[in-house]
2 protein chains.
Amino acid sequence: MQTHLLELIKSEVRGQQAYAAGPSIAPIRLDANENPFPLPEQLRTEFMAALGRLALNRYPAPGSPALLDGFAKKYGISPDMIMVGNGSDELIQILCTALTASCILTPVPTFVMYRISALNSGHKVLEAPLDEGFDLDLTTMLELLETHQPALVFLSYPNNPTGNCFSQEKMETLLAKAPGLVVVDEAYGNFSGRSFLPLLSRHENLVILKTLSKIGLAALRIGFLIGAASLVHELNKVRLPYNINSLSQTAAGFYLDHEDTFLLQAAEIVKEREQLFQAMEQIPGIRPYPSDANFIFFSCLFNTNQVYAALCTQGIMIKNFPAVGHLKNCMRVTVGSKRENKLFLGVLERVIAKLGA
Amino acid sequence: MQTHLLELIKSEVRGQQAYAAGPSIAPIRLDANENPFPLPEQLRTEFMAALGRLALNRYPAPGSPALLDGFAKKYGISPDMIMVGNGSDELIQILCTALTASCILTPVPTFVMYRISALNSGHKVLEAPLDEGFDLDLTTMLELLETHQPALVFLSYPNNPTGNCFSQEKMETLLAKAPGLVVVDEAYGNFSGRSFLPLLSRHENLVILKTLSKIGLAALRIGFLIGAASLVHELNKVRLPYNINSLSQTAAGFYLDHEDTFLLQAAEIVKEREQLFQAMEQIPGIRPYPSDANFIFFSCLFNTNQVYAALCTQGIMIKNFPAVGHLKNCMRVTVGSKRENKLFLGVLERVIAKLGA
């Protein structure tokens, strides 16, 4: 294609790499923060029966009204305060698209889609490195708020990839001082037991994101945005009218009817997380950081590219990072099933022993 | 929410209404250009079996690689010239998002999502009314190209809602003269038998959209963009990494394996369209326009709001339009099954007879 045509594309788009969501290169996937447990057989049968009743030749219900009602009831809020998205990713994109080009503020390291979507929508991105304990650097963030007046602040709670919940007090200060919206992304909220939902009535600029991806239904791409009804009303103008296909809408309704099963799986993952953490602490050269999520962020005295490659060779995929800032020498492992965690620990020990020799 | 927060939202967003995709208010849906035929029972069983094998706790394959390969083979092009979208809607949005804010040009009336997505992305929208025969007004469009240098031209082929294919010669002139991309949306291409695919090699600014929504799988939200590989490469940076859920990816693969069945249904719809057209011509006060799509656009000597309401009361939903330009006194009916079309004709005749009395 001739250069002049490609130059019609925003420089912010041309200047970036596509999000690196690679294919599976090892059978044991501990890289994507998925729930390791499949749907119990009985639920699976009911689930398939529900899908079997769908008319595939008909458009999905626009705006996912049954899900709005169901989740509104679950959260004790009004349905007009909720929007369903094609994963939280779409909700982040809708937020960035709806706002006049300005700038957004995030701590770093954090979930990369905030930055990607902001750039694609023509925003500038302000980044405030986390402090040594992976908490917010409040002084820097307040200065950036004051100087640049960002329209959006994204806070991942608990934070991906560091795994911790930021100090609630600092977050409340940001909510009070931010000139624009503050998005609290609770993608991993099922593993932290904490939520900013009770603060919705106190901060009208608070927007909360949730998802079914980490609790066991990553295949469906279902996320939720919760915020002031007047904001949701405007955001709905940017949302594609049929953004959630019929199969995923039905499956998410099925989740609501059987949430207990999924919450039991989450509790099991939290238990496994603590055991995995303790075992990782025993491996020389590995330092796991405390986690409120379904993954463990850890630093490593050895070359992480070598560790990553050796694990892959042994059939285990975890998440490796570019050697930048807090991410230098760090990796992230998803809490898997008991069997997967044991396998991971065994292989990691052998790999480390070999590299250290 | 306080005004200053809502004012962070683009005026182009605040100034519009959300796309009016209403709920079903009548049992017979002839308003949304869906295929009236359900999946044959044998296919349905195979389809459910394919879905039953999916791991719902895992993320979908990023970028839908199996679909890229399958559709590339079908169209005889390279997989890197294709992108799969959450319906064509998402592909329109991706195009509008990727381009530096400029302006887009469309004929009117046409599919409304071009305008909505363009405004949401901060583009200006130039509209060129169709001529009396619903063909492109080439003189006006060339003037607008020359004066405003739009980054994008959207052409629906056949055009929704008028149902006709524009003159290919005029479209080729636009392709040759446009300073930016020209998108030919072939959502209804299965009913026209025409395509701009053979012209891809001749016009590097040509982008083609296709969808499975009209051929029988509206529930899935699967659209395709076909264009130069270097363009698709950039657009993939704007596409959400996991934009197509696992269930829809699997179902679309299933479509490829059983396309013959769907094409037979399309042929049946085309036959029904001709019969419906001839029958509508016989109704006094109704003027149907020739259609290359799976719907018929018609004008009506009576108050269309009254006709619409009377049809709804009798259980039939068709599409009514705001009384603007070419749409004044016009309505659109989807070609349904033989039984649905007969019902529609009977009710329409009675309604018209009553209003005319």
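**Notebook: side-chain pairs and core**

I began with B:D131 and B:K170, whose side chains meet in a salt bridge at 3.7 Å, N to O. I count a salt bridge when a side-chain nitrogen of Lys or Arg is within 4 Å of a carboxyl oxygen of Asp or Glu. B:D131 lies in the loop between strand 4 (124–129) and helix 7 (138–148) of chain B, and B:K170 in helix 8 (residues 168–177) of chain B, so the pair ties together parts 39 residues apart in sequence. Helices (H or I, at least four residues) and strands (E, at least two) are DSSP runs, numbered from the N terminus. B:D131 is partly exposed, at 28% relative accessibility. My cut-offs are under 20% relative accessible area for buried, over 50% for exposed, and partly exposed in between (1.4 Å probe, protein chains only).

Ground rules. This is a predicted model, where local features need pLDDT of at least 70, side-chain atom pairs count only at pLDDT 80 or more, and totals for chains, interfaces and linings use all residues. Residues are numbered from 1 along each chain as its sequence is written, chains are lettered from A and ligands numbered from 1 in the order in which they are written, and side-chain values use heavy atoms, with hydrogens and water left out.

I searched the whole structure and found 26 salt bridges over all chains. I looked up A:R58 and B:E340, which meet at 4.0 Å, N to O. This pair crosses between chains: A:R58 is in the loop between helix 3 (41–52) and helix 4 (65–75) of chain A, and B:E340 is in helix 15 (residues 338–356) of chain B. B:E340 counts as buried at 10% relative accessibility. I also noted a network of salt bridges linking A:E34, A:E340 and B:R58.

Next I checked B:D89 and B:R221, a salt bridge at 3.4 Å, N to O. These two are 132 residues apart, with B:D89 in helix 5 (residues 87–98) of chain B and B:R221 in the loop between helix 10 (213–217) and strand 8 (223–226) of chain B. Both ends are buried: B:D89 has a relative accessible area of 5%, and B:R221 has 3%.

**Rings**

I counted 28 aromatic pairs over all chains. Rings of Phe, Tyr and Trp (its six-membered ring) pair if their centres lie within 6.5 Å; planes under 30 degrees apart are stacked, over 60 edge-to-face, the rest tilted. B:F47 and B:F254 are edge-to-face, 5.3 Å centre to centre with 65 degrees between the planes. B:F47 sits in helix 3 (residues 41–52) of chain B and B:F254 in helix 12 (residues 246–257) of chain B, 207 residues apart. Both B:F47 and B:F254 are buried.

B:F134 and B:F297 have ring centres 5.5 Å apart and planes at 75 degrees, so I logged this pair as edge-to-face. B:F134 is in the loop between strand 4 and helix 7 of chain B, and B:F297 is in strand 10 (residues 295–300) of chain B, 163 residues apart in sequence. B:F134 is buried at 7% relative accessible area; B:F297 is buried at 0%.

In chain A, ring pairs join A:F71, A:Y75, A:F224, A:Y255 and A:F262 into a cluster.

**Core**

I ended with the largest nonpolar core, which has 191 residues. Such a core is a set of buried Ala, Val, Leu, Ile, Met, Phe, Trp, Tyr and Cys residues joined through side-chain atoms within 4.5 Å. A:I318, A:F344 and B:F344 have the most contacts inside it. Leaving aside neighbours within four places in sequence, A:I318 is in contact (heavy atoms within 4.5 Å) with residues including A:L30, A:F298, A:M331 and A:F344.
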